[in-house]
Amino acid sequence: MKSYPTNKIRNLSLVGHSGSGKTQLTEACLYLTKVINRVGKVEDKNTVSDYSKQEMKRGISISSSVIPVEHNDIKINFIDTPGYFDFEREVYQSLRASEAALIVIDAVNGIEVGTEKVLRYTESIDLPRIIFVNKMDKENANFNKCVSDLHERFGKNIIPFTLTLGEGEDFKGVIDVIDKKAFEYNGFEFKEVPIPEDRVEEVNVVFDEICEVVAQTDDDLMEKYFNGEEFTHEEFKKALVSALLEGSCVPLIAGSALTGVGVDVLLEIIEKYMPTPDDERAKYGFRHADDKQRKFSVDEPMSAVVFKTIVDPFVGKISIFKVISGKITKDTLIYNSSKEVDEKIGDLFFLRGKEQI
């Protein structure tokens, strides 16, 4: 895995109710980006993310794990978190190291308690959110009900960036609202198809909702919107990222992690619109003892936050950390602010599940 500058990195915590398909989604992303050549399944106990004996035995995530993927010269760090309340501390720790939350919803069960809890929490800390409505291929999946329930409980700022082509056994693809293109899938392979005539008006209405949200981020864009002028690609992208950071827009994507439908669209939207660690418009950041907020910059003094420590039977304690500023090398002498002592780093590597890179 090559080294990426911060403007080429996206950090997202995968959160949601237990059983919504978070771990399965990481498998789909790994397969789509050619990290693995076969999609693992939770029930088969062969996923990259759930690798401990207890996780395989129970068939659930107990501990959060980092799953990095490389897509179009962008590195996306997914932090797969447990869905059960018993392990909610893992969720909060992971969110501390993320610029956004990817909330996974079961299209059959809709908004469950765990889903509502993480949506409320991420909203309260002004963390950008993106929603993936999973399991659209299952019997009784209902996309419109999911959208309606989300609007009722969390507001109209949740906007579908994709619409569905069929549901349940008839689920065969998605419509990309922004690019106004429809795709039908055969497994992870897909082809572009015409948007059904009876759906064109629906696509235009949803696209106009997105444009309205985009226009509200800037007076000049608002004037353009009312004059019926189209936004340039750069104007649209910059304004949409601002809307995400402000919480005035929460993208919603439909798909199936098991069959691969919509996963590529999800990765594209993360790449184009989700914030980077060094985005100056972001509201997140870390304050230090002197109450000054450290900037996300390589030119600042070194600082990092350890958001998880695990014990490896062969290596010993492994601290997973996010660099906030400056840089860290193998021989860096660091100050541990919790223990108030200087410490030297033993070894440096990336983690992908249990694999050390």
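## An aromatic cluster

At 42% relative accessibility, Phe190 counts as partly exposed, while Tyr185 is buried at 13%. Here buried means under 20% relative accessible area, exposed over 50%, and partly exposed in between, with a 1.4 Å probe and protein chains only. The model is predicted, so local features need pLDDT of at least 70 and side-chain atom pairs count only at pLDDT 80 or more, while totals for chains, interfaces and linings use all residues. Residues are numbered from 1 along each chain as its sequence is written, and side-chain values use heavy atoms, leaving out hydrogens and water.

The whole structure holds 6 aromatic pairs. One of them joins Tyr185 and Phe190 in a tilted arrangement, 5.4 Å centre to centre and 40 degrees between the planes. Rings of Phe, Tyr and Trp (its six-membered ring) pair if their centres lie within 6.5 Å; planes under 30 degrees apart are stacked, over 60 edge-to-face and the rest tilted. Ring pairs also bring Phe183 into a cluster with Tyr185 and Phe190.

## Salt bridges

You will find 12 salt bridges here, each a side-chain nitrogen of Lys or Arg within 4 Å of a carboxyl oxygen of Asp or Glu. In one of them, Lys2 meets Asp73 at 2.5 Å, N to O. This pair links distant parts of the chain, 71 residues apart: Lys2 sits before strand S1 (9–15), and Asp73 in the loop between strands S2 (65–71) and S3 (74–80). Helices (H or I, at least four residues) and strands (E, at least two) are DSSP runs, numbered from the N terminus.

Glu116 forms another salt bridge, with Arg153, the closest N and O atoms being 2.8 Å apart. Glu116 lies in helix H4 (residues 113–124) and Arg153 in helix H5, so the pair ties together parts 37 residues apart in sequence.

## Buried spots

Now to Ser325, in strand S15 (residues 316–325). Ser325 is buried, at 1% relative accessibility. Its side chain has a polar atom 2.6 Å from the backbone oxygen of Pro301. A polar contact of 2.6 Å also joins the side chains of Ser325 and Ser303. Such a contact is a pair of N or O atoms within 3.5 Å; within protein, one must be able to donate a hydrogen and the other to accept it, and residues adjacent in sequence count only if both atoms are side-chain atoms.

Helix H9 (residues 263–273) is mostly covered, with 9 of its 11 residues buried.
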